[in-house]
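This report describes the fold and the charged side-chain pairs of one protein. Please consult the sequence and the structure shown below while reading.

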Amino acid sequence: MACSKRASFPPKPQRNLRDLTRYRVNLVQERARVANRLQKVLEQANINLASVAQMSWASQGVVCSAIVGGETDASLLGRPGQRAVAQQDG
């Protein structure tokens with residue numbers, strides 16, 4: 001018995017929304033993978049950002065940039081928001 005009914009596709013706006021939703025899911029998953037890789041690398045270097053998990057991504061980025069830049073003073077690294085403000089003033 002042949003199928004004479006043509007396959008139906010959702011309207012273009014609905015297909016676009018589904019594509020965007022899939023893309024967003026992939027971005028969120030990739031962000032989590034990157035964060036986990038970064039945390040693992042930092043833990044291997046005896047730097048534990050997990051203990052300050054309440055920090056915003058921006059603050060964690062400032063801390064990571066400071067570490068890459070050679071900052072070793074733990075008191076400065078512990079106050080990334082104040083350090084960022086000090087850098088902008090100076």
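Of the 90 residues of the protein, 12% count as buried. The model is predicted, and the protein averages a pLDDT of 76. A score of at least 70 is reached by 68% of the residues.

The protein exposes about 7,700 Å². Carbon and sulfur atoms supply 57% of that area. Among contacts between residues at least 6 apart in sequence, 10% join residues at least 24 apart.

## Secondary structure

The protein contains four helices and zero strands. Along the sequence, these elements follow the pattern α-α-α-α.

Helix H1 covers residues 12-44. After H1 comes Asn 46, whose phi is positive, near 60°.

## The Asp 19 and Arg 22 pair

How many salt bridges does the protein have? The count comes to three. One of them joins the side chains of Asp 19 and Arg 22, with an N to O distance of 2.9 Å.

Both Asp 19 and Arg 22 belong to helix H1, where they lie three residues apart, about one turn of the helix. An α-helix has 3.6 residues a turn, so residues three or four places apart point the same way. Asp 19 has a relative accessibility of 44% and therefore counts as partly exposed, since that value falls between the limits of 20% and 50%.

## The network around Glu 30

Which residues are linked in a network of salt bridges? The network consists of Glu 30, Arg 33 and Arg 37. In the bridge between Glu 30 and Arg 33, the closest N and O atoms are 2.8 Å apart. Glu 30 also meets Arg 37 through their side chains, in a salt bridge of 3.8 Å from N to O. That value lies within the 4 Å cut-off for a salt bridge.

Glu 30 and Arg 33 both lie in helix H1, three residues apart, and this separation is about one turn of the helix.

Terms used:
Residues numbered from 1 in each chain as written. Predicted model: local features only at pLDDT ≥ 70, side-chain atom pairs only at ≥ 80, totals over all residues. Heavy atoms only, no water. Helix = DSSP H or I, 4+ residues; strand = E, 2+ residues; numbered from the N terminus. Buried < 20%, exposed > 50% of the residue type's maximum accessible area, 1.4 Å probe, protein only. Contact = heavy atoms within 4.5 Å. Areas by Shrake-Rupley, 256 points an atom, 1.4 Å probe, with all protein chains shown as cover. pLDDT = per-residue confidence, 0-100.
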